[in-house]
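Visitor: I would like to learn how to read a few features in a model. Please take me through them one at a time.

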Amino acid sequence: MLGLATANGALAAPATNSTAALEALLACKAGSDFTEAQVEQAFHAAGLRRDPGSVFEPKDKPVALFGGTVASADVSVSNVHKSLHVYLNNVDHKRLAKAWSVTTVDDAAQTEEPSYVKQTDARHTLHVGAADDYEGYSASVTCQIHP
């Protein structure tokens with residue numbers, strides 16, 4: 001995603017060092033992988049801290065990512081799959097999806113506006129979700145890796 005951020009100009013300014021690792025993990029590139037510890041380290045470097053409810057949220061100041069701010073984030077690593085979720089505010093999910101060429105409508109998503117999905121290889125799937133006003137975010141980005 002870092003390459004897309006600078007090549008397209010569509011994702012705002014390039015990531016700072018504190019968010020670069022997180023953006024790279026969210027890119028969900030073919031062949032990529034992550035551990036829970038790597039994701040937690042990227043969350044901490046970006047300024048996200050774990051809440052008692054097990055999600056990560058900005059603590060001291062807003063965390064800028066993809067032209068918006070992080071509302072919350074989460075990671076799940078199991079034998080079934082690995083997933084990394086970031087929920088964003090002040091970001092247009094359609095703009096994100098277009099910038100990353102994620103054009104397939106995710107029919108399984110239960111969102112008012114279309115959400116999008118892209119299979120980057122046999123194991124990796126990138127999801128760009130539409131807003132959920134009830135949950136309080138304007139877009140979501142998820143990288144899923146299946147064994």
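Guide: Start with polar contacts. A polar contact is a pair of N or O atoms within 3.5 Å; within protein, one must be able to donate a hydrogen and the other to accept it, and residues adjacent in sequence count only if both atoms are side-chain atoms. This is a predicted model: local features need pLDDT of at least 70, side-chain atom pairs count only at pLDDT 80 or more, and totals for chains, interfaces and linings use all residues. Residues are numbered from 1 along each chain as its sequence is written, and side-chain values use heavy atoms, with hydrogens and water left out.

Visitor: Which side chain does Thr 142 join through a polar contact?

Guide: The partner is the side chain of His 85, at 3.1 Å. Thr 142 lies in strand β9. Strands (E, at least two residues) and helices (H or I, at least four) are DSSP runs, numbered from the N terminus.

Visitor: What is Thr 142 in contact with, beyond its neighbours within four places in sequence?

Guide: Contact means heavy atoms within 4.5 Å. With those neighbours set aside, Thr 142 touches Leu 84, His 85, Thr 125, Leu 126 and His 127.

Visitor: Now strand pairing. Which strands does β8 pair with?

Guide: Two strands pair if DSSP finds at least two bridges between them. β7 (residues 116–119) and β8 run antiparallel, with four bridges. Here Lys 118 stands opposite Leu 126. The link from β7 to β8 is a hairpin of four residues. On to β9 (residues 139–145): six bridges join this strand to β8, again antiparallel. Val 128 has Val 141 as its bridge partner in β9.

Visitor: Why is β8 described as largely enclosed?

Guide: Because six of its six residues (124–129) are buried, the rest of the structure largely encloses it. Check both faces. His 124, Leu 126 and Val 128 are buried on one side. Thr 125, His 127 and Gly 129 are buried on the other.

Visitor: How do I read a nonpolar core?

Guide: A nonpolar core is a set of buried Ala, Val, Leu, Ile, Met, Phe, Trp, Tyr and Cys residues joined through side-chain atoms within 4.5 Å. The largest one here has 32 residues. Phe 43, Leu 88 and Leu 96 touch the most other members. Elements giving two or more residues to this core are α2, α3, β4 (68–77), β5, α4, β8 and β9.

Visitor: And charged pairs?

Guide: Side chains of opposite charge can pair when their charged atoms come close. The rule for a salt bridge is a side-chain nitrogen of Lys or Arg within 4 Å of a carboxyl oxygen of Asp or Glu. By that rule there are four salt bridges.

Visitor: How far apart are the closest N and O atoms of Lys 82 and Asp 33?

Guide: They are 2.7 Å apart, in a salt bridge. The pair links distant parts of the chain, 49 residues apart: Lys 82 is in strand β5 (residues 82–89), and Asp 33 is in the loop between α2 (17–26) and α3 (36–46). Lys 82 is buried at 17% relative accessibility, whereas Asp 33 is partly exposed at 44%.

Visitor: Which residue forms a salt bridge with Glu 40?

Guide: Arg 50 does, with the closest N and O atoms 2.6 Å apart. Glu 40 sits in helix α3 and Arg 50 in strand β1 (residues 48–50), ten residues apart. Both count as partly exposed: Glu 40 at 23%, Arg 50 at 37%.

Visitor: What about Glu 113?

Guide: Glu 113 forms a salt bridge with Lys 94, at 3.2 Å between the closest N and O atoms. Lys 94 is in helix α4 (residues 93–99), while Glu 113 is in the loop between β6 (104–105) and β7.

Visitor: Last, backbone angles. What is phi of Phe 66?

Guide: Phi is near 55 degrees, a positive value in a residue other than glycine. Phe 66 is in the loop between β3 (64–65) and β4, and is buried at 3%. Asn 90 also has positive phi, near 60 degrees. Asn 90 is in the loop between β5 and α4, and counts as exposed at 65%.

Key
Buried < 20%, exposed > 50% of the residue type's maximum accessible area, 1.4 Å probe, protein only.
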